[in-house]
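The following paragraphs lead through one protein model, from its overall make-up to individual residues. Please keep the sequence and the three-dimensional view at hand while reading.

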Amino acid sequence: MEEIEMLKAEGKGSGRDLIAKILDSHSALDQKTAFALAKYTLRKTKKYHRRFIVYPMDVPLLANWMLNDKEASKIMEIREETLALVGSWSNVHFTPSHPGDDLNPTGRGRWLMVDDTGGLLVAAAAEKL
């Protein structure tokens with residue numbers, strides 16, 4: 001067991017290596033039934049095999065994470081609906097180019113943004129484009 005704790009502390013052993021060492025060091029493994037062995041292996045896999053899920057990051061998710069888990073003062077405590085309201089007031093939106101449009105032939109606009117929220121408002125505007 002000390003060897004397993006050393007591997008965990010060093011971070012060199014993967015989850016599968018740790019599970020294999022645990023199964024090798026178990027003295028009564030051959031006495032277990034197939035069901036008990038599967039249950040034991042599953043329990044050790046859940047405990048030692050690290051898995052994670054990567055979620056796509058968008059501005060509302062980032063704002064909620066910053067507001068709830070990090071320092072809310074860094075984003076001036078702006079919630080998701082406030083970001084949407086500022087985006088609506090700024091009239092930032094995607095406009096495709098039209099063939100006969102002389103005023104804006106490329107369909108692009110120019111915006112000047114002053115942001116004191118660490119780039120959150122700029123990210124919200126860029127996401128709308």
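What percentage of the 129 residues of the protein chain count as buried? The share is 20%, where buried means under 20% relative accessible area, exposed means over 50%, and partly exposed lies in between (1.4 Å probe, protein chains only). The model is a predicted one, in which local features need pLDDT of at least 70 and side-chain atom pairs count only at pLDDT 80 or more, while totals for chains, interfaces and linings use all residues. Residues are numbered from 1 along each chain as its sequence is written, and side-chain values use heavy atoms, with hydrogens and water left out.

The secondary structure of the protein chain consists of six helices and zero strands, so that the order of elements from the N terminus reads α-α-α-α-α-α; helices (H or I, at least four residues) and strands (E, at least two) are DSSP runs, numbered from the N terminus. The accessible surface of the chain is about 10400 Å², and 56% of this surface belongs to carbon and sulfur atoms. Such areas come from the Shrake-Rupley method with a 1.4 Å probe, and for residues only the protein chains shown count as cover. Among contacts between residues at least 6 apart in sequence, 47% join residues at least 24 apart, a contact being heavy atoms within 4.5 Å.

Helix H4 spans residues 59-68. At its start, a side-chain oxygen of Asp58 reaches to within 3.3 Å of the backbone nitrogen of Leu61. The buried residues of H4 are Val59, Ala63 and Met66. These residues are on the same side of H4 because they cover an arc of only 70° around the axis, the arc being that of the directions from the helix axis to the C-beta atoms. An α-helix has 3.6 residues a turn, so residues three or four places apart point the same way. The buried residues of H4 pack against H5 and H6.

Leu61 also lies in H4, but this residue is partly exposed, with a relative accessible area of 39%. Together with Ile53, Tyr55 and Met57, Leu61 forms a nonpolar patch on the surface with about 480 Å² of accessible area. Patches are made of residues with over 30% relative accessible area and no salt bridge, with like charges joined within 9 Å and nonpolar side chains (Val, Leu, Ile, Met, Phe, Trp, Tyr) within 5 Å.

In helix H6, the buried residues are Leu120, Leu121, Ala124 and Ala125. They too are on the same side of their helix, because the arc that they cover around the axis is only 140°. The cover over these buried residues includes H4 and H5.

Thr117 is placed in the loop between helix H5 (80-90) and helix H6 (120-128). Is Thr117 buried or exposed? Thr117 counts as buried, because its relative accessibility is 4%. Its side chain makes a polar contact with the side chain of Asp115 at 2.5 Å and reaches the backbone nitrogen of Leu121 at 3.4 Å. A polar contact is a pair of N or O atoms within 3.5 Å; within protein, one must be able to donate a hydrogen and the other to accept it, and residues adjacent in sequence count only if both atoms are side-chain atoms. Apart from neighbours within four places in sequence, Thr117 is in contact with Lys74, Ile75, Met76 and Ile78.

Most residues other than glycine have a negative phi. Glu77, found in the loop between H4 and H5, has a positive phi near 55°, and its relative accessibility of 55% makes it exposed. Asn91, in the loop between H5 and H6, has a positive phi of about 60°; Asn91 is partly exposed, with a relative accessible area of 49%.

How many salt bridges does a search of the whole structure find? The search finds one, a salt bridge being a side-chain nitrogen of Lys or Arg within 4 Å of a carboxyl oxygen of Asp or Glu. Glu81 forms a salt bridge with Arg79, and the closest N and O atoms are 2.5 Å apart. Glu81 is partly exposed at a relative accessible area of 46%, and Arg79 counts as partly exposed at 45% relative accessibility.
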